[in-house]
Every structure is written in C-alpha cells, then in structure tokens.
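Please examine the sequence and the three-dimensional structure shown below.

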Amino acid sequence: MTRPDTGPGQFRALLRDAHPADAARALLGGVLTHGPVSVRVVEVEAYGGPVDSPHPDPAAHTWPGPTPRNEVMFGDAGHMYVYLSHGIHRCVNITCRPAGEGGGVLLRAGRVEGGHRVVDDRRPGIPVERAARGPGNLGKVLGIELSYRGMDVLDPSSSVTFRADPVAESQIRSGPRVGVSREADRPWRFWLAGAREVSSYRRSPRAPRVTHPAPW
DNA sequence: TCATGGATGGACT
DNA sequence: GTCCATCCATGAT
C-alpha cells in the first residue's frame with residue numbers, strides 16, 4: 001500500500017517537522033530493509049525534542065547535547081542512529097526533528113516479511129514472530145552494524161532503507177517507555193494493536209516510583 | 001587513564 | 001522475580 005503523497009522527500013519533511021511522538025506514530029507500519037531481510041516496524045519509542053521546551057526529555061541520548069556518538073541525532077531527519085546497548089545489542093533509531101535540535105525514534109520490534117532464511121541463520125531456532133522482538137533483536141536480524149550510524153535510510157541507494165506505510169490511528173496503542181530510568185512514565189512508546197511481535201513492558205529498576213501528572 | 005553505567009535479552013530460581 | 005554477559009561512551013581523576 002503505497003500512497004502517491006508519501007514519497008521519501010515528503011516523508012523526511014514529516015519527520016523533520018513532527019513532534020517526536022508523532023514521528024514515532026508515522027514510522028509505525030513502515031518497512032526497514034537490509035539486503036534480503038525486510039522487517040515491518042510494529043513497536044517504536046520517541047526520544048528527544050527541544051531542550052528548551054517545557055518538557056525536555058532527560059531519557060534521550062541527546063540530553064547531554066551533541067557528542068561524537070549522538071551527533072547524527074542532531075543532523076537532518078531520516079538518518080540512522082545506531083548505538084551499542086550493554087556491549088551486546090545494536091539498536092536502531094531513525095532521526096527526526098530539524099537539524100540542530102536532536103530527536104529520534106527507537107525501533108523496538110518488527111515483523112519479518114522477507115529474508116526468512118537469513119533471519120533463521122541469525123536467530124537460529126527462534127520462532128519468526130519472536131525473531132525481531134526487542135530493539136536488540138531487531139538490529140540483529142537486520143544485520144545492523146555500528147558503522148551504519150548516520151546512514152540516510154530514505155535514500156533509495158543506501159544499503160539500509162525505510163519505506164513508510166502509514167497505519168490508521170485507531171490501530172495505534174501507547175504506553176510508557178521501556179527500561180528508561182528518567183521520565184519513565186512518559187507515554188512515548190507506540191505499537192500496533194494486536195501485533196504478536198511487540199516486546200513486553202519492563203520498567204527500569206532505577207526508575208523512581210513517584211510520578212507527576214503527564215502534561216506532555 | 002580509570003570508573004561507571006546503560007533506550008537489553010536470555011537464562012535461571 | 002533475579003542475575004549477568006559484554007563493551008562503548010562519557011565524565012571524573
């Protein structure tokens with residue numbers, strides 16, 4: 001299902017202009033492809049946004065300001081920010097917001113739609129609906145490397161590409177982000193209703209239990 | 001140069 | 001529910 005009004009240029013403009021949470025919703029349902037492997041994104045989390053906003057995001061990797069690691073998040077929208085989690089997992093974000101601001105959407109889970117043989121090699125013995133459940137696993141089945149950081153996934157000539165495929169708002173659910181110790185209750189995690197590939201919610205053991213009303 | 005801590009996942013009790 | 005592998009980025013010394 002491709003819409004004539006959502007080409008790569010228009011979609012980049014959407015990611016650039018939208019609030020991170022709206023960019024996250026826009027990315028849901030799209031397909032990320034690397035070589036033979038294609039994964040439809042069924043779960044995402046929004047991070048970042050303006051530091052001078054009434055509600056800046058201390059859980060985002062952009063929080064300390066630009067560094068060699070996160071500078072791609074301060075670049076143009078539609079690029080890949082890859083980071084290594086716990087020394088093991090390569091997690092994929094797609095950047096959003098205008099250059100200079102800092103924002104991204106973590107791809108948390110996906111449905112394998114192509115390259116099943118390669119996926120089975122990378123996740124031997126794992127049922128396909130669990131192969132790309134969780135951001136580390138999604139990066140693994142797609143064969144994402146740290147060196148891919150900064151790649152423009154909306155450029156059709158890139159080795160990793162993203163194709164938007166918007167879903168109806170009524171199909172989107174939201175809840176608190178997984179594993180973050182700050183702003184743990186901000187409902188910036190979004191997933192497709194009924195998707196079996198969605199990861200389970202795990203609260204950070206460091207997250208304070210006291211929360212304040214959600215004004216965002 | 002060193003210490004610390006993860007936007008995790010899987011094994012285990 | 002708990003434990004921990006593994007390594008990079010960051011900030012402190």
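This is a predicted model: local features need pLDDT of at least 70, side-chain atom pairs count only at pLDDT 80 or more; totals for chains, interfaces and linings use all residues.

Residues are numbered from 1 along each chain as its sequence is written, and chains are lettered from A and ligands numbered from 1 in the order in which they are written.

Chain A contains 5 helices and 8 strands; helices (H or I, at least four residues) and strands (E, at least two) are DSSP runs, numbered from the N terminus. Along the sequence, their order is α-α-β-β-β-β-β-α-α-α-β-β-β. The C-alpha trace of chain A spans about 45 × 40 × 35 Å along its principal axes. Of the 216 residues in chain A, 46% are buried. A residue counts as buried if 20 or more other C-beta atoms, placed from the backbone, lie within 10 Å of its own.

Helix α2 (residues 20-27) has 7 of its 8 residues buried, so the rest of the structure largely encloses this helix. The buried residues are Pro20, Ala21, Ala23, Ala24, Arg25, Ala26 and Leu27. Their cover includes α1 (8-17), β2 (37-48), β4, β5, β7 (172-175) and β8 (189-192). After α2 comes Gly29, which has a positive phi near 90 degrees.

Strand β4 is also mostly covered, with 6 of its 7 residues buried. Which strands pair with it? Strand β3 (residues 80-85) runs antiparallel to β4 and is joined to it by 6 bridges; two strands pair if DSSP finds at least two bridges between them. Within this pairing, Met80 has Ile94 of β4 as its bridge partner. The hairpin of β3 and β4 has 3 residues between the strands, and His86 takes a positive phi near 55 degrees there. Strands β4 and β5 are likewise antiparallel, joined by 3 bridges, and Thr95 has Gly104 of β5 as its bridge partner.

The last topic is the DNA. DNA strand B is surrounded by 23 residues, of which the closest are His61, Leu106, Gly134, Gly136 and Gly179; a residue is near the strand if its C-beta atom, placed from the backbone, lies within 6 Å of it. Two or more residues of this surface come from each of β4 (89-95), β5 (103-114) and α5 (135-142).

Methods: A residue is buried if 20 or more other C-beta atoms lie within 10 Å of its own, exposed if 12 or fewer, and partly exposed in between; C-beta atoms are placed from the backbone. Two residues are in contact if their C-beta atoms, placed from the backbone, lie within 7 Å.
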